[in-house]
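This report describes the fold, the surface and the side-chain contacts of one protein model. The sequence and structure are shown first.

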Amino acid sequence: MQMAVVGLLAGMVLGFAGYFGGFGAFVVVAVLGAVGFVAGKFVDGELEPGDFFRSRERDGRRR
């Protein structure tokens, strides 16, 4: 499925949640969608837990 279609579907879901459930439902759907996106990236192998929890180097250099 093309990313434009995925974006269209996500926008429609958020629109319906906002229209029928109000702003609170919109926020809940948006947050759960983001969590699902990150979980999908983990399952696909595109992200690793170390990408979020890297320690800083002690000599002050940044990567």
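## Burial and surface

Of the 63 residues in the protein, 2% are buried, where buried means under 20% relative accessible area, exposed over 50%, and partly exposed in between (1.4 Å probe, protein chains only). The model is a predicted one, in which local features need pLDDT of at least 70 and side-chain atom pairs count only at pLDDT 80 or more, while totals for chains, interfaces and linings use all residues. Residues are numbered from 1 along each chain as its sequence is written, and side-chain values use heavy atoms, with hydrogens and water left out.

The protein exposes about 5700 Å², and carbon and sulfur atoms supply 66% of this area; accessible areas come from the Shrake-Rupley method with a 1.4 Å probe, and for residues only the protein chains shown count as cover.

## The helix

The secondary structure comprises one helix and zero strands; helices (H or I, at least four residues) and strands (E, at least two) are DSSP runs, numbered from the N terminus. Helix H1 covers residues 3–44, and Leu-9 is placed in it. The end C-alpha atoms of H1 span only 16 Å, whereas a straight helix of 42 residues would span 62 Å at 1.5 Å a residue; the expected span is 1.5 Å times one less than the number of residues.

H1 contains a kink of about 145 degrees centred on Gly-21, the bend at a residue being the angle between axes fitted to the seven residues ending there and the seven starting there. Gly-18 also belongs to H1 and is partly exposed, at 28% relative accessible area. Between Gly-18 and Val-29, which are 11 residues apart in sequence, the C-alpha to C-alpha distance is 8.9 Å. Gly-45 follows H1 and has a positive phi, near 90 degrees.

## Nonpolar patch and aromatic pairs

Val-5, Leu-8, Leu-9, Met-12, Phe-16, Tyr-19 and Phe-20 make a nonpolar surface patch of about 790 Å². Patches consist of residues with over 30% relative accessible area and no salt bridge, with like charges joined within 9 Å and nonpolar side chains (Val, Leu, Ile, Met, Phe, Trp, Tyr) within 5 Å.

The whole structure holds three aromatic pairs, in which rings of Phe, Tyr and Trp (its six-membered ring) have centres within 6.5 Å; planes under 30 degrees apart count as stacked, over 60 as edge-to-face and the rest as tilted. Two of the pairs are listed below.

| Pair | Type | Centre to centre | Angle between planes |
|---|---|---|---|
| Phe-16 and Phe-20 | stacked | 6.0 Å | 15 degrees |
| Tyr-19 and Phe-20 | edge-to-face | 4.9 Å | 85 degrees |

Phe-16 and Phe-20 are both in H1, four residues apart, about one turn of the helix. An α-helix has 3.6 residues a turn, so residues three or four places apart point the same way. Phe-16, Tyr-19 and Phe-20 form one aromatic cluster. Tyr-19 and Phe-20 are exposed, with Phe-20 at 65% relative accessibility.

## Salt bridge

One salt bridge is found in the whole structure, the term denoting a side-chain nitrogen of Lys or Arg within 4 Å of a carboxyl oxygen of Asp or Glu. Lys-41 and Glu-46 form a salt bridge, their closest N and O atoms being 2.7 Å apart. Glu-46 is exposed, at 52% relative accessibility, while Lys-41 is partly exposed, at 24% relative accessible area.
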